[in-house]
Amino acid sequence: MTIELPAQLESALKAQAAARGLSVDVFVRRVVERQLAADEREPSDGAPFKTDRGVLAGYGPAPSAEEIDSNRAEIFGRFGESLQ
C-alpha cells in the first residue's frame, strides 16, 4: 500500500518514528493498529450513547422551585434548635 502525504506530515512521521527508535513503516503500522483497535471498542453505528436522562419522566413533571423551597423549609425549619 502506498500513501501520499504532504511533506510536513511525512517529516513529522519520520521524527516521531526516530524518537521511538522505529522505522517509519513500523511506526505507522502501530499507529494504524491502535486506531483500528480503538474504533472496535467504540459504537460504530453512529447511534448516540444511552443516557439516564428522562428515566423519571413517567412519574410526572418535576417540582417547581417554590415547591422545593417549601419542602426544605418544612423539613429543615427547626433544624439546629436545641432539643429540650
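Is Asp69 buried, partly exposed or exposed? In this predicted model, local features require pLDDT of at least 70 and side-chain atom pairs pLDDT 80 or more, while totals for chains, interfaces and linings use all residues. Residues are numbered from 1 along each chain as its sequence is written, and side-chain values use heavy atoms, with hydrogens and water left out. Asp69 is partly exposed, at a relative accessible area of 47% (buried, under 20%; exposed, over 50%; partly exposed, in between; 1.4 Å probe, protein chains only).

A search of the whole structure gave two salt bridges (a side-chain nitrogen of Lys or Arg within 4 Å of a carboxyl oxygen of Asp or Glu). Asp69 pairs with Arg72, with 3.9 Å between the closest N and O atoms. Both residues belong to helix H3 (residues 65-76), three residues and about one turn apart (helices are DSSP runs of H or I, at least four residues, numbered from the N terminus). Arg72 is exposed, at 51%.

The side chains of Glu10 and Lys14 form a salt bridge at 3.2 Å, N to O. These two residues are four apart in helix H1 (residues 7-19), a separation of about one helical turn. Glu10 is partly exposed at 36% relative accessibility, and Lys14 is partly exposed at 45%.

Arg20, Arg29, Arg30 and Arg34 form a positive surface patch (residues with over 30% relative accessible area and no salt bridge, like charges being joined within 9 Å). Arg30 lies in helix H2 (residues 24-41) and is partly exposed, with a relative accessible area of 43%.

How values were computed:
Patch = residues over 30% accessible without salt bridge, like charges linked within 9 Å, V, L, I, M, F, W, Y side chains within 5 Å. Areas by Shrake-Rupley, 256 points an atom, 1.4 Å probe, with all protein chains shown as cover. Lys, Arg positive; Asp, Glu negative; His and termini not counted. Charge placed at Lys NZ, Arg CZ, Asp CG, Glu CD.
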